[in-house]
Amino acid sequence: MDGVVQLQRQLLDYTALLFQEGFLNDQFTQLQQLQDETNPDFVVEVVSLFFEDSERLLNELANTLDQQSIDFRKVDSHVHQLKGSSSSIGAQRVQNVCIAFRNFCDAQNTEGCLKCLQQVKNEYSLVKNKLETLFKLEQQILAAGGSIPM
Amino acid sequence: MFSSIAHYLHYKSLPLHSFPPPLYKYWKQIPHPFLDMGSVAGEFVRHVLPEKVGVSDHSAAGSEELHVLAVDDSHVDRKVIERLLKISSCKVTAVESGTRALQFLGLDGEENSVGFDGLKVNLIMTDYSMPGMTGYELLKKIKESKAFRKIPVVIMSSENILTRIDRCLEEGAEEFIVKPVKLSDVRRLRDFIMRGEGEENRKKGNHKRKLQDDYSISPPLSPAASLDCEISSLLLPSSSSSSPECPSKRPRLWVED
């Protein structure tokens, strides 16, 4: 049972760190509260949708910004969507870059947009990594017969 | 059978499949403070959410669940709003566009209908920025429709733009919610709608909602009763000529906590 307790503590500490470092915000907690025995995979499912959406949007952004003549409205539309879904799962840092990104779109600033694209890709990569680590920890706890602490 | 017992002992609820559908349907009608889709009625019922999420009292609403039509082009947001609504004991139909929403309501040029399987829609929640038809345009279409203009429409948006909010409220939106939508938002909406429906049921002297065709009572027209008027129009047959003229601008009726 000791192993489970340790894993649980690890999970709580890791989650707290993610919040402290601004990767996640209260919206993520909201999602966790919507999970229960009848919907035990809710958070993983929503986050998976976020991963799918984000990857698609990041590709489209790269394409749109690669054009000879950039359609900034299109760029803005993609960023808006990315901002929306990151906000819905509580991915604070991704959301923040999107806000800056949109300002550069408004200003039709190509260089600014390209920088933001790079930044948002980085932040997305980071939060994806961290969430996957978090989910792995949860799986380990469940596999060891424990329950996920809240 | 025994796995069901083990399930119960562990989760203090019984898996849905332990019971034949007709029985489950009957149990869904028993009023209870909180009835989750995965549990059953009777003395075994307990809410399955963690304590901190809280329980609300449904006694005013009687036996019916609210049916909410949710419209959002974002896959993530659709999933979240669906869960928020289901956990708040609402039936949900989630669609990805205004066009689909109109199709569902039967407003896409075909004869008026109440939607899939005769389910009446009690509330429409729509995202504002969507490709094709925006939430604002959808709102306008709904308010232009005789059959559906009394259904409360709530706009959701990630952008807190005052002119946008004003425009939507002026067009008849019930409320404008800034995303991300929280459980407290959904609860508040549900309580508001149910209070209206509950009042209507009490006025009619029974707790069972009859089919639309059965309504023949005209509500009073005093200004104080404007809400009752609005809500009762929801329940009158769409083509009813005895339907009273209700004021088009509705006051916001609940107090923010």
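Predicted model: local features only at pLDDT ≥ 70, side-chain atom pairs only at ≥ 80, totals over all residues.
Residues are numbered from 1 along each chain as its sequence is written, chains are lettered from A and ligands numbered from 1 in the order in which they are written, and side-chain values use heavy atoms, with hydrogens and water left out.

**View 1. The interface of chain B and chain A.** In this model, 23 residues of chain B are in contact (heavy atoms within 4.5 Å) with 25 residues of chain A. The two chains bury about 2200 Å² between them, and carbon and sulfur atoms carry 59% of it. Buried area here is the accessible area (1.4 Å probe) that two parts lose on being put together, summed over both. B:Val76, B:Lys79 and B:Arg83 supply 29% of the area that chain B buries against chain A, more than any other three residues.

View 2. Three salt bridges are counted between chain B and chain A; the term requires a side-chain nitrogen of Lys or Arg within 4 Å of a carboxyl oxygen of Asp or Glu. One salt bridge joins the side chains of A:Asp36 and B:Arg83, at 3.1 Å from N to O. Helix H3 (residues 75-87) of chain B gives the most to the side of chain B that touches chain A, with eight residues. Helices (H or I, at least four residues) and strands (E, at least two) are DSSP runs, numbered from the N terminus.

View 3. The UniProt annotation "modified residue: Phosphohistidine", from an unreviewed entry, covers A:His80. UniProt positions are given in the numbering used here, feature names are shortened, and annotations may be inferred rather than shown by experiment. A:His80 is found in helix H4 (residues 72-89) of chain A. Because its relative accessibility is 15%, A:His80 counts as buried; buried means under 20% relative accessible area, exposed over 50%, and partly exposed in between (1.4 Å probe, protein chains only). Leaving aside neighbours within four places in sequence, A:His80 is in contact with A:Arg102 and, in chain B, with B:Ser129, B:Ser158 and B:Glu159.

**View 4. A:Gln81 in helix H4 of chain A.** A:Gln81 has 29% relative accessibility and therefore counts as partly exposed. Not counting residues up to four places away in sequence, A:Gln81 touches A:Arg56 and A:Leu57. The C-alpha atoms of A:Gln81 and A:Gln95 are separated by 10 Å, with the two residues 14 apart along the chain.

View 5. Helix H1 (residues 2-20) of chain A contains A:Gln8, which counts as buried because its relative accessibility is 18%. Apart from neighbours within four places in sequence, A:Gln8 is in contact with A:Ile141, A:Ser147 and A:Pro149. For "domain: HPt" (unreviewed entry), UniProt lists residues 39-141 of chain A. Over residues 39-141 the chain is 86% helix and 0% strand, and the end C-alpha atoms are 18 Å apart.

**View 6. The fold of chain B.** Chain B has eight helices and five strands, which follow the pattern α-α-β-α-β-α-β-α-β-α-β-α-α along the sequence. Of its 257 residues, 50% count as buried.
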